[in-house]
Amino acid sequence: MQARDVSGGIHFHSGGRPESLKPRQLPGDVRGFVNRGQELGRLDAILTDGGDESVSVPVCVLAGTAGVGKTSLALRWGHRVQDRFPDGQLYVNLRGYDPGAPVTPQEALHRFLSALGVPAVAIPADLEAGAALYRSLLAGRRVLVILDNAATASQVRPLLPGAAGCLVIVTSRSRLSGLAVRDGAHTLTLGTLDEKEAVALLSVVTAPYRPQDDPGRLIELARLCARLPLALRIAAERAASRPRMGLDDLIRDLRDESALWDALSVGDDEEAEAVRTVFAWSYRALPAEAARLFRLLGLHPGAEFGTAAAAALDGGGGTGRIRHLLDVLVGAHLLEQTGPDRYEFHDLLRAYAADQARHEESPEERGAALRRVLVWYLHSADAAQTWINPQEAHIPLDPPGDGLCPASFADYDEAMRWYETERGNLLAATRAAEEAGLDVIAWQLPAVLRSVHMLLNPFEEWLAMGRVGLRAARRLGDRTAEAELLESLGMACTQSHRLAEGAEYHQGALAARREIGDRLGEALSLNDIGLIHLRGRRLEAAKDHFERAAALFRELGAAHWEAVVTANLAEVTYELARPEVASGYVLRALEMHRELGNQGGEGNALRILSAVQRDRGQPEEALASAERTLEIALAHRNHMWEGYWLLELGRAQQANGAFAAALVSFQRAASLQRRLGDRAREARAWDGAGETYRRLGRPGEAADFHRRAAAAHRELDDLWHTALSLDGLAGALREADEASAAEEARRHWTEALRALASYDDPRAVALRERISAALA
């Protein structure tokens, strides 16, 4: 697990244009849905205007205690009116009341954007950017969005489309009053079913198997279930599965079931007792193997899972047997199948299953089952890394043991699909490992996933997992592991432009590696710190760290890393306005990367060479070098490379007078950087567009782009690029030749001089002198 060069890196898998795909349809078989005709009518009246199909309110909250059928009602209404939303429906279970962590708005946006056709690596890491992309994709569409089991308004708000024609239904145990006040939501509070509806729900499931049942006895069964849809459906499935057992006998069994489970809390005492009783009644009727799997699934770190993870928990053989047992649980309504080979619990049933595991499994058995599934996730993630980022070294892992069969993958796309499906479980697994005291797994999981995170920039989970791993490594006193996690956290901070925090992490990694005598690791940390200094334009400090890293790599015979740091030296000497020195470094780096067959390194060296050639008055050569970088990025389907290297291609096109082509390059770069979550490079693309419009004689449009870039750089506390943006903005305003614009230009140049005060490198000095002359 090693540091990166200044190019970054990401393997991009192809996907269709978002516009070509529709959102996914609502889940669920309508069999056994709650009828609730009265509430369905109220929904029709609230959400649509009479006979036409326009949406009268943007958001509706279905509120009520657990088990009253909010989800069922929302889905039933959604299926009934799907023709009113021809562009599709989006559904997510936010798990606001689940025993585990709720789904964050960022995680939900990721799922929605995937459903809308955005490739995983193109989904913005930033919540605000993701929400903006989501809203733009839904603009002009008629889409129904169901946000199930929301706990708070803040969990919901980023998922509101904000487009006319779209409708959001939120289900929650809370009224979410903030949505009504701020977002115009209408609230519909649900109680338990009336007697007629409760019997109808029982009958729709049981009648095909037990047509002889007395309706009066069904009323008694409904009363014992407190007329709660969740309890009714489980009881109905139990009755349907025993057509020869008299209904009186079933009712007697249910009445006699008196176990109460403290883990469950669903509202008033009568409803709570009914739900607990039905759960216990159905659970105790399971075959022994299915009952054991049910309770072990309560230990799974995430709320949904696949067959292979269930087999790891069980530890008892092949997936065919486990699939059969899962079918038994689905048939008993104790588990829901949500897709091909995907299953999940209702939150109350998950709590119940975990409680059964605590009561019926020994601490040793529970610990062994949890460890098996965590090891399964660890080794499966390691196998995915082989395809997603094969250039990165692997963390040494112990064999999985216990007869475990981790996931394996045929290609990059298959590995990437697995990661996207399991990413929530991987974060939950890391946290579960820490809670269980399995510190080795707790640090290894984030260390393995670092190679994926560095490509996709999921900063929230990258940092969360890294911090868990760092705590675990420190508890173990494992300085090697600690250095790995410090480096990972440093990279996450650097890529999210938290440079001061990133520098602290990398300094910590350097100290740990020196302490244990890891000289290769020491050189990597020196290179990392150099990159931090380069981003912060502390150029002499960056150059010093790169030179020390290069000497160590050369001494150790680490040819790949020597080539990487040589290119970094070319970058910093170019920024120091030493083009001759930079040319020597970059040609040497280019030669080394080509000898090693490293096309990513070659492309990065060509990017720097193009800049050097521009500086030396060789625009045609600069354009040829930049065009070759783009060929490499496209051949590798690598959007991080493409987005970064397009910035240099745009500048080379400018230098050759190809302004229309330059605008295309900068627009594409800005779009890619926004999706990748790199706001600094996105703002540089805006500056490039602004400069191009200036050269086209369109200063008004140029000023708009420079103004936007300056605002972004200010927010990132990047004084150097703020000064560059303000200089471009002032120049564009001056060219507008208006008295008010000239005064505004002076203000921006004055601010630019203040921003430049801390820099003393030759380019900064030259820029200060030019701005001072303009002001004079």
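Let's start with the five-stranded sheet. It is open, its strands run in the order E2-E3-E4-E1-E5, and the pairing is parallel. Strands here are DSSP runs of type E with at least two residues, while helices are runs of H or I with at least four, and both are numbered from the N terminus. Two strands count as a pair if DSSP finds at least two bridges between them. Strands of a sheet pair through backbone hydrogen bonds, either parallel or antiparallel.

Which strands stand at the edges? They are E2 (89–93) and E5 (186–189); each has a single partner strand, so one side of each has no neighbour in the sheet. On average, neighbouring strands of this sheet are turned by 15 degrees against each other, direction ignored. For such angles, axes are lines fitted to C-alpha atoms, for helices over the stretch in contact, and the angles run from 0 to 180 degrees between N-to-C directions.

Before going on, a word on the model. It is predicted: local features need pLDDT of at least 70, side-chain atom pairs count only at pLDDT 80 or more, and totals for chains, interfaces and linings use all residues. Residues are numbered from 1 along each chain as its sequence is written, and side-chain values use heavy atoms, with hydrogens and water left out.

Back to the sheet. Strand E1 (residues 59–63) and E5 run parallel, joined by four bridges. Valine 61 has threonine 187 in E5 as its bridge partner. Helix H3 (residues 105–115) packs on this sheet and touches E2 and strand E3 (144–148). Contact means heavy atoms within 4.5 Å. The direction of H3 makes about 150 degrees with that of E2.

Now the other sheet. Three strands form an open sheet in the order E6-E8-E7, and here the pairing is antiparallel. E6 (304–305) and E7 (336–339) are the edge strands; each has a single partner, so one side of each is left without a neighbour in the sheet. Two bridges join E6 to E8 (residues 342–344). Phenylalanine 305 stands opposite tyrosine 343 in E8.

Next, the cores. A nonpolar core is a set of buried Ala, Val, Leu, Ile, Met, Phe, Trp, Tyr and Cys residues joined through side-chain atoms within 4.5 Å. Buried means under 20% relative accessible area, exposed means over 50%, and partly exposed lies in between, with a 1.4 Å probe and protein chains only. In soluble globular proteins, nonpolar side chains tend to be buried together.

Which residues touch the most other members of the largest nonpolar core? Phe294, Leu297 and Trp418 do, out of 113 residues. Take leucine 297. Not counting residues up to four places away in sequence, leucine 297 touches Phe305, Ala310, Leu313, Leu326, Leu329, Leu335 and Phe345. A second, separate core has 60 residues, including Leu623 and Ala710.

On to alanine 231, in helix H9 (residues 229–240). Alanine 231 is at 1% relative accessibility, so it counts as buried. Leaving aside neighbours within four places in sequence, alanine 231 is in contact with Cys225 and Val278. Alanine 231 and phenylalanine 279 are 48 residues apart in sequence, but 7.5 Å apart in space, C-alpha to C-alpha.

Is cysteine 60 buried or exposed? Buried, because its relative accessibility is 0%. Cysteine 405, at 61%, counts as exposed.

Now a polar contact. That is a pair of N or O atoms within 3.5 Å; within protein, one must be able to donate a hydrogen and the other to accept it, and residues adjacent in sequence count only if both atoms are side-chain atoms. The side chains of glutamate 420 and histidine 110 make one, at 2.3 Å. Glutamate 420 sits in helix H17 (residues 412–435). Its relative accessible area is 18%, so glutamate 420 is buried.

Last, two loop residues. Histidine 497 lies between helix H20 (479–495) and helix H21 (499–516). Its phi is near 60 degrees, a positive value in a residue other than glycine. Histidine 497 is buried, at 12%. Alanine 577 is in the loop between helix H24 (559–575) and helix H25 (579–596). Alanine 577 also has a positive phi, about 60 degrees, although it is not a glycine. With a relative accessible area of 33%, alanine 577 is partly exposed.
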